[in-house]
Amino acid sequence: MNRAHACEIYKKCGGCQLTNLSYQEQLSYKMRRVISLLGRFARVDEIIGMDDPLHYRNKMQAAFAVDKRGRPISGVWQAKECRVAKTDACLIEDEVSLWIVRAARGLLQEYDISVYNPKNRRGMLRHIMVRRAHVTGEIMVVLVTAPLKIPRGEDFAQALVRRFPHIRTVVQCVNDTDTPLWMGEEQTILYGDGYIEDVLCGCYFRISPRSFYQVNSVQTEVLYNKALDFAHLRGRENVIDAYCGIGTIGIIAAAEARQVIGIEAGGDAVKNAVENCRLNHTQNYRVYKGDAGEVMDALAAAGKMADVVFADPPRAGCSRAFLDAVLRMAPEKMVYISCNPETLARDLATLVKGKYRVNRIQPVDMFPHTKHVECVVLLSHKNAVSR
């Protein structure tokens, strides 16, 4: 792709910061950024980009508001202005998901679904999330509302399904806070089973509304295969999958490991991880609910050790308690997957001050047209016997 395609709300949205650059220029920019932050630890391998860097997101969130005439609009939530930038198009969102949001908006009046007004806290619909599984094609639609029952919710869901037969489930989630795009804890299934399933690296995964699942399925396979390559499992290793989410990395790795322990704080994700073990007939994976550092300390105190630790934390990076637990447990290898090179640099400095060396750094472009970049890093313990 040469110059980025025109976007009608590029300046208002702020989601894509690099659309003024060609895709090759974007990759070069990200490569320079990773080198400047991480190059002091080890050589940085060439960034892995996408063949087709458009419409790659398998999850979209459309905020809702009303225009001056009182008609519902949808688009991107602008936090600074506390308003919605209206749009029906996006260069990076899944196109089918965009069509579903447009169709849902057109059905609101027919089914007496009002749009929430944050100023007077009246109305119902706050935003819609759509997830579309890359391999199976299954679609989840989540209506995030104020704490009100949708008057004809099941009928509304059926109307959407008639237009888009690949919709497997429609769920209402309640957000009773002032945080615009929060999902909320309370949910009601309006259609289907409340989840969708997808295939990643040959394994099946069940995804519920609040579960974390990487938004770029194509590059996630690239990223995870690189992480497994770095780990170089031979079937005899005890593995810890920290910040495991719904168990993606750990379940994929379980086929090549002796035993895998997943650690996750989120209750919904833990339930999904257990279900995903059943889906894949994985018997050597066990998930613990709790803080990664606390669970690691408890495992070490119980005499359980790890040969390899995978860590895939949120943008804030690993907690200091978790890093200290890694240093105490001293696994031979650690494979760190990061979506934020700034916090990655901070955490690598801590690990290197311990007894680890950085062996490989591989950037992967998970988020084309944005400034974000994912990295997978291999670390080894300095006292480990080379295999």
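Charged side chains and their surroundings

Guide: Asp178 and Arg121 form a salt bridge, with their closest N and O atoms 2.9 Å apart. Asp178 sits in the loop between strand S6 (167-174) and strand S7 (186-191), and Arg121 in the loop between H3 and S4, so this pair ties together parts that are 57 residues apart in sequence. A salt bridge here is a side-chain nitrogen of Lys or Arg within 4 Å of a carboxyl oxygen of Asp or Glu. Helices (H or I, at least four residues) and strands (E, at least two) are DSSP runs numbered from the N terminus.

The model is predicted: local features need pLDDT of at least 70 and side-chain atom pairs count only at pLDDT 80 or more, while totals for chains, interfaces and linings use all residues. Residues are numbered from 1 along each chain as its sequence is written, and side-chain values use heavy atoms, with hydrogens and water left out.

Asp178 is exposed, at a relative accessible area of 58%, and Arg121 is also exposed, at 55%. In these terms, buried means under 20% relative accessible area, exposed means over 50%, and partly exposed lies in between (1.4 Å probe, protein chains only).

By the salt-bridge rule the count comes to 18. One of them joins Arg132 to Asp94, with the closest N and O atoms 2.8 Å apart. This pair links distant parts of the chain, 38 residues apart: Arg132 belongs to strand S4, and Asp94 to the loop between strand S3 (83-86) and helix H3 (95-107). Arg132 counts as partly exposed, at 30% relative accessibility, whereas Asp94 is buried, at 9%.

Another salt bridge connects Asp347 with Arg346, the closest N and O atoms being 2.9 Å apart. Asp347 is buried, with a relative accessible area of 1%, and Arg346 is partly exposed, at 41%. Elsewhere, salt bridges that share partners join Glu138, Arg168, Asp193, Glu197 and Arg206 into one network.

Arg131 is buried yet has no salt bridge; Asp198, the nearest side chain of opposite charge, is 9.1 Å away.

What lies around the side chain of Arg131 instead? A polar atom of the Arg131 side chain is 2.4 Å from the backbone oxygen of Ser211, and a polar atom of that side chain is 3.3 Å from the backbone oxygen of Pro209. Leaving aside neighbours within four places in sequence, Arg131 is in contact (heavy atoms within 4.5 Å) with residues including Asn58, Lys59, Glu138, Ile196, Ile207 and Tyr213.

S14 runs parallel to strand S13 (residues 308-311), and four bridges join the two. Met334 in S14 is the bridge partner of Val309.

Notes
Lys and Arg count as positive and Asp and Glu as negative; His and the chain ends are not counted. A polar contact is a pair of N or O atoms within 3.5 Å; within protein, one must be able to donate a hydrogen and the other to accept it, and residues adjacent in sequence count only if both atoms are side-chain atoms. Two strands pair if DSSP finds at least two bridges between them.
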